[in-house]
Amino acid sequence: MDWDNLRIFLELTRSQGLVDAAKKLGIDHSTVSRRMKRFEEQVGSQLFDRNNHGYKLTADGYRLVEYAEKIESTVYAAAEELGGHNSKLSGQVRLGATEGFGTFVLAPHIAHFCARNPHITVDMLPMPRFVNLSKHEADISVSIERPLSGNYVVTKLSDYVLKLYATRDYLDSHAPIDSLADLERHNFIGYIDDLVFSEELRYKDTVAPDAFRAFRSTSVVAQYTAACSGNALAILPCFLAQQSEQLVPVLERDIAITRTFWLVASSEQRHVARVSALWRYLRECVEMNRDYLMGNSRQMQWLP
């Protein structure tokens, strides 16, 4: 098989459609269509079902994806090795992370990392969803779920704690909250049920399942800013809520939810020098800030 055809095939499976794939590949969309028809003839199987909604993989197409991604990883690893980039602290590293943790904890530390490693460029993707390493969206990701399959190197980064928060003004102007039962009379801020990207985020149902959610968002940062407005309660990571002087914990003895961050990289990328350098730095920074993530300190610590 021609590697260039496999590369086009993979991009088409990952993009929203023919035009989007063509833009990412830097070629005309008619060329992509023509190359894929010819490729299917060479393979001897139909790889896509084509309709008005775009290109949808057939069963054979899905089978080929698994092999094509292995070939892709091998090609990238060979390029790194033969180019001498594996041993050099230079080049680009793409880091994917959950939105709140990436924005409020990792980003300032990454700025320090870049200052210490002037020949490494870090692209950061703080997103309210999982970052797909198999599709090369990133070299490293921080996830709230440990991958159960795939050719990955995984390590526990840290536990973190979420608590229930409200502004002081909200607590002064609404019905008192002395027990978990009192929460049913209050409005909440939370996630959109059918768009939650992980079951690890469904913690509101265990705290106040019958309480009304007045505001919902896929973004924890949006939930945080809404909570700061003082109109509802929100379950937030301590490292995020601590950014505001107005937010205070509610029923702190009763509500303390522990979740875990996992550090993940593909086996091929993990030992590339620049990836390893960022990997070690992240672990050191997070270890130093364990109390901050667990809600026992409001002061972030920095590596010298």
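This is a predicted model: local features need pLDDT of at least 70, side-chain atom pairs count only at pLDDT 80 or more; totals for chains, interfaces and linings use all residues.
**Entry 1: enclosed space**

I began with the empty space inside. Rolling a probe the size of a water molecule over the atoms shows where empty space is left. I searched the whole structure and found three cavities of 30 Å³ or more. The largest cavity has a volume of about 180 Å³. I listed 18 residues in its lining, and Thr98, Gly100, Tyr191, Leu201 and Val220 are the closest to its centre.

I then took the second largest cavity, which holds about 110 Å³ of space. Its lining has 13 residues, and those closest to the centre are Gly190, Tyr191, Leu201, Lys204 and Arg213. Two or more residues of this lining come from β7 (188-190), and two or more from α7 (204-207). By class I noted six nonpolar, two polar and five charged residues around the second largest cavity.

Tyr191 and Leu201 are on my list of residues closest to the centre of the largest cavity, and I wrote down Tyr191 and Leu201 again for the second largest cavity.

I stayed with lysine 204 for one more look. Its charged end sits over the ring of phenylalanine 188, 5.8 Å from the ring centre.

**Entry 2: the largest pocket**

I moved on to open space. About 960 Å³ lies in the largest pocket. I listed 32 lining residues, with Glu72, Leu133, Ser134, Lys135 and His136 nearest the centre.

Which elements supply at least two residues each to the lining of the largest pocket? I noted α1 (3-14), α2 (18-25), α4 (59-82), β3 (91-98), β4 and α10 (267-270). The largest share is that of α4, with eight residues. Sorted by class, the lining of the largest pocket has eight nonpolar, nine polar and 15 charged residues.

**Entry 3: the second largest pocket**

The second largest pocket contains about 290 Å³ of space. Of its 17 lining residues, I noted Phe130, Val131, Ser143, Glu145 and Pro147 as the closest to the centre. At least two lining residues come from β3 and at least two from β5, and β5 has the largest share, three residues. By class I noted nine nonpolar, five polar and three charged residues around the second largest pocket.

**Entry 4: aromatic rings**

I turned to the rings. A pair of aromatic rings is described by the distance of the centres and the angle of the planes. I found twelve aromatic pairs in the structure.

I looked up phenylalanine 48 with tyrosine 55. Their ring centres are 5.4 Å apart and their planes stand at 70 degrees; an angle over 60 counts as edge-to-face, so this pair is edge-to-face. Tyrosine 55, at 22% relative accessibility, counts as partly exposed. Phe48 and Tyr55 also belong to a cluster with Phe9 and Phe39, linked by ring pairs.

Another pair joins phenylalanine 130 and phenylalanine 197. I noted 5.0 Å centre to centre and 85 degrees between the planes, an edge-to-face pair. Where in the chain do phenylalanine 130 and phenylalanine 197 lie? Phenylalanine 130 is in the loop between β4 (120-127) and β5 (140-143), and phenylalanine 197 is in the loop between β7 and α7. They are 67 residues apart, and the pair links distant parts of the chain. Phenylalanine 130 is partly exposed at 29% relative accessible area. Phenylalanine 197 is partly exposed as well, at 22%.

**Entry 5: helix α8**

Last I followed α8, residues 220-228. At its start, a side-chain oxygen of serine 219 comes to within 3.3 Å of the backbone nitrogen of valine 221. I marked Val220, Val221, Gln223, Tyr224, Ala226 and Ala227 as buried in this helix. Val220 was already in my notes, among the residues closest to the centre of the largest cavity. After α8 comes glycine 230, which has a positive phi near 85 degrees.

Note on methods
Residues are numbered from 1 along each chain as its sequence is written. Side-chain values use heavy atoms; hydrogens and water are left out. On a 1 Å grid over the protein atoms alone, a cavity is a set of points where a 1.4 Å probe fits but cannot get out, and a pocket is an open set with protein on both sides within 12 Å along at least five of seven lines; lining residues have an atom within 4 Å of a point. Grid points are joined across faces, edges and corners, and a volume is the space filled by probe spheres set on the points. Helices (H or I, at least four residues) and strands (E, at least two) are DSSP runs, numbered from the N terminus. Ala, Val, Leu, Ile, Met, Phe, Trp, Tyr, Cys and Pro count as nonpolar, Asp, Glu, Lys and Arg as charged, and the others, Gly among them, as polar. Rings of Phe, Tyr and Trp (its six-membered ring) pair if their centres lie within 6.5 Å; planes under 30 degrees apart count as stacked, over 60 as edge-to-face and the rest as tilted. Buried means under 20% relative accessible area, exposed over 50%, partly exposed in between (1.4 Å probe, protein chains only). A charge sits over a ring if NZ of Lys or CZ of Arg is within 6 Å of the ring centre and within 35 degrees of the ring normal. A polar contact is a pair of N or O atoms within 3.5 Å; within protein, one must be able to donate a hydrogen and the other to accept it, and residues adjacent in sequence count only if both atoms are side-chain atoms.
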